[in-house]
Amino acid sequence: MKKLSLVVPVYNVEAYLRECLDSVLSQKNVEMEVILVNDGSTDGSKLILEEYVSRYPELFILVDKQNGGLGDARNCGAALAKGEYLAFLDSDDFYEPDALSKLIEIADEKQADLVVFDYYQYFSDHQKQFHSVLPKAFENMTHKTYLFADPCAWNKLIRRSCYEANQTMFPERIWYEDLATTPAYVKVCKQIVYYREPLVNYRQRGDSITSLDKFSRRTLEIIPAIQRTIDAFQNSEYEKEIEYLTLFQLCYVSSFRFMKFNEEKIFVQCLNVFKDTFPNWQHNAYYRAKPFAFRLYCESLMKGHFTFAKLLIKLRG
C-alpha cells in the first residue's frame, strides 16, 4: 500500500495546471499515487494531463469523466484511492517544497488520523500572504476548536480508513461543498494534529466566491451546505460548536457577500434559517466571548438594521 493518495480535480485550468502538477512532481520522499480527475474540461487541460501521465505513468492516474462539479470530481477520485492517507489539491493551487513529506512524517510520528495545516493566499502579482486556519482566539486545535478552523478540503491530510468510515461524499454542483463535508471528519478521527506551517498556495482568482464582481444567487447555496453539517451533528457533544459555526458562516461571513451588492432582502433567508434553527443563539458561550464590536454587528444583522451594520463595517475596516 502506498502512503498517500492525492486527488486532483481538474476543470478548465490550463493556465495554472502545469504549476500545480510540477509542485507535485517536486515532492520528495513520499510514496504516493496521484489521481487526476478531468471533470469534462473544454480547454487544453486534458492534453496537459495526458502529457504528464505519459511522462510519469508510475505516479499519475488519469480519470476522464463528464462534468459533475468539484464535489463530484473529488468523490470520483477518492473512490479509487488506495493509499494509507488521502489528500486533495485543487488544480489551480500548488504545494510548497517538501509539503507532503512533512505531512506524512508528522502523521506517522503523532499517529494522526487528521492533520490540518496553514496556507498562503497567492495573488496574481506573485505575492503571498500567510493564513492561519485556526482563529486567533484559540491557541490549540482540539476536537472542538477544529470545527472553527477553515473547512477547506485541500488543507487537510486524513487517514483513508477514517474518510471511508465517515462515508464522506462531497455534495455535487453546489458551492461551499467543503463546509458541507469536512467538519464531520471530527466524528471519526481520534487524533487530530495542527501543523503550523503554510504548505499549500491557495490561488486568489477573480472568479472565486469571495471575488465575484456581481452577485450570484448561488451564494444562497451556503444554506443547504451548512444544513448538511447541522444534520450530521444532531444530538452530539458538539451542538454548541455547530451553533457558533453556523452563526459565523451563515450570518457573519455571508453578510459581507450579500451586502457588498446590496442584497439584504435575499440575505434575510440566511438569517431566518439560523434563527429558526438556533432560537437561543445569544446564549452561546463562544458568541458571548467575542468582542463587543462583533456582537454588536451580529445583533444589528439579526434585527435587520443593515444600514447600521454597513456603518460598522466602514468604522471597523
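Student: Which residues of H6 meet H7?

Tutor: Start with the rule: contact means heavy atoms within 4.5 Å. In H6, Ile222, Ile223, Ile226, Thr229 and Ile230 take part. Their partners in H7 are Ile242, Leu245, Thr246, Gln249, Leu250 and Ser254. By class, the contact of H6 with H7 has seven nonpolar, four polar and no charged residues. Here Ala, Val, Leu, Ile, Met, Phe, Trp, Tyr, Cys and Pro count as nonpolar, Asp, Glu, Lys and Arg as charged, and the others, Gly among them, as polar. The labels H and E come from DSSP runs: helices (H or I, at least four residues) and strands (E, at least two), numbered from the N terminus.

Tutor: A word on the source. This is a predicted model, where local features need pLDDT of at least 70, side-chain atom pairs count only at pLDDT 80 or more, and totals for chains, interfaces and linings use all residues. Residues are numbered from 1 along each chain as its sequence is written, and side-chain values use heavy atoms, with hydrogens and water left out.

Student: At what angle do the axes of H6 and H7 cross?

Tutor: Two packed helices are described by the angle between their axes and the distance between the axes. Axes are lines fitted to C-alpha atoms, for helices over the stretch in contact, and angles run from 0 to 180 degrees between N-to-C directions. For H6 (residues 222-232) and H7 (residues 239-259), the crossing is at roughly 175 degrees. These axes come within 10 Å. H6 and H7 are therefore roughly antiparallel. The cut-offs: under 35 degrees is roughly parallel, over 145 roughly antiparallel, 65 to 115 roughly perpendicular, and the rest oblique.

Student: How do H7 and H10 cross?

Tutor: Their axes come within 11 Å and cross at roughly 75 degrees. H7 and H10 are therefore roughly perpendicular. From H7, the contact includes Tyr244, Leu247, Phe248 and Cys251. From H10, it includes Phe294, Tyr297 and Cys298. By class, the contact of H7 with H10 has twelve nonpolar, one polar and no charged residues.

Student: Which residues of H8 are buried?

Tutor: Buried means under 20% relative accessible area, exposed over 50%, and partly exposed in between (1.4 Å probe, protein chains only). In H8 the buried residues are Glu264, Ile266, Phe267, Cys270, Leu271 and Phe274. Their cover includes H6, H7, H10 (292-302) and H11 (306-316).

Student: How many salt bridges does the whole structure have?

Tutor: Side chains of opposite charge can pair when their charged atoms come close. A salt bridge is a side-chain nitrogen of Lys or Arg within 4 Å of a carboxyl oxygen of Asp or Glu. The whole structure has 19. One of them joins Asp108 and Lys3 (3.1 Å, N to O). Asp108 lies in helix H4 (residues 99-110) and Lys3 in the segment before strand E1 (4-10), so the pair ties together parts 105 residues apart in sequence. Asp108 is partly exposed at 29%. Lys3 is partly exposed at 24%.

Student: Where do Lys128 and Glu96 lie?

Tutor: These two side chains form a salt bridge (2.7 Å, N to O). Lys128 is in strand E7, and Glu96 is in the loop between strand E5 (94-95) and H4. They are 32 residues apart. Lys128 is partly exposed at 40%. Glu96 is buried at 17%.

Student: How many residues apart are Lys240 and Glu243?

Tutor: An α-helix has 3.6 residues a turn, so residues three or four places apart point the same way. Lys240 and Glu243 both lie in H7, three residues apart, about one turn of the helix. Their side chains form a salt bridge (3.8 Å, N to O). Is each end buried or partly exposed? Lys240 is partly exposed at 47%. Glu243 is buried at 5%.

Student: What does Lys144 touch?

Tutor: Leave out residues up to four places away in sequence, and Lys144 touches Glu237, Tyr238, Glu241 and Tyr286. Lys144 sits in the loop between strand E7 (128-131) and strand E8 (156-159). Its relative accessibility is 34%, partly exposed. The C-alpha atoms of Lys144 and Lys240 are 9.5 Å apart, though 96 residues separate them along the chain.
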